[in-house]
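Okay, thanks for coming, everyone.

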Amino acid sequence: MMRIKIEKELYSRKVLLKTCYKFTDDYYVHLSSDIDNYYIEIESKDEENDDDIEKEIHNELIEQAMRELVFEETKNIREILFARAMASSMIYDSDDEKIDTDVYDDSAMKDWFDRNE
């Protein structure tokens with residue numbers, strides 16, 4: 001079993017969990033912490049000694065931290081794009097530009113592969 005110390009100031013708990021989850025298919029993973037550090041105890045399920053696992057974990061921590069950073073930095077633009085996509089799919093009444101909520105179009109429920117029109 002290998003024990004890896006990770007400083008809490010470098011990585012969030014979310015990043016740590018996502019990183020460790022990636023390795024759960026091939027390894028038994030146990031997490032613990034103290035005031036300043038996280039501790040990962042990891043052991044191979046097939047009893048192989050993997051000397052590079054610590055390096056792989058550190059690389060995955062960096063990758064997950066970057067994903068979290070990009071997610072936070074692009075959150076506003078994704079929300080704007082989603083809102084715009086939803087707004088463009090609204091059905092407006094041509095007379096007073098209000099949303100028509102009384103739409104009973106059965107075409108959405110029609111079987112697309114049904115050739116009998």
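I'll start with the salt bridges and then move to the nonpolar core.

Quick housekeeping: this is a predicted model, where local features need pLDDT of at least 70, side-chain atom pairs count only at pLDDT 80 or more, and totals for chains, interfaces and linings use all residues. Residues are numbered from 1 along each chain as its sequence is written, and side-chain values use heavy atoms, with hydrogens and water left out.

So, how many salt bridges does the structure hold? Four, where a salt bridge is a side-chain nitrogen of Lys or Arg within 4 Å of a carboxyl oxygen of Asp or Glu.

One of them pairs Arg3 with Glu41, with the closest N and O atoms 3.7 Å apart. Arg3 sits in strand β1 and Glu41 in strand β3, so this pair ties together parts 38 residues apart in sequence. Helices (H or I, at least four residues) and strands (E, at least two) are DSSP runs, numbered from the N terminus.

Then there's Lys22 with Glu60, at 2.9 Å, N to O. That one links helix α1 to helix α2. Glu60 counts as buried, at 5% relative accessibility; buried means under 20% relative accessible area, exposed over 50%, partly exposed in between, with a 1.4 Å probe and protein chains only.

Now the core. The largest nonpolar core has 14 residues, meaning buried Ala, Val, Leu, Ile, Met, Phe, Trp, Tyr and Cys residues joined through side-chain atoms within 4.5 Å. β1, α1, β3 and α2 each give two or more residues to this core.
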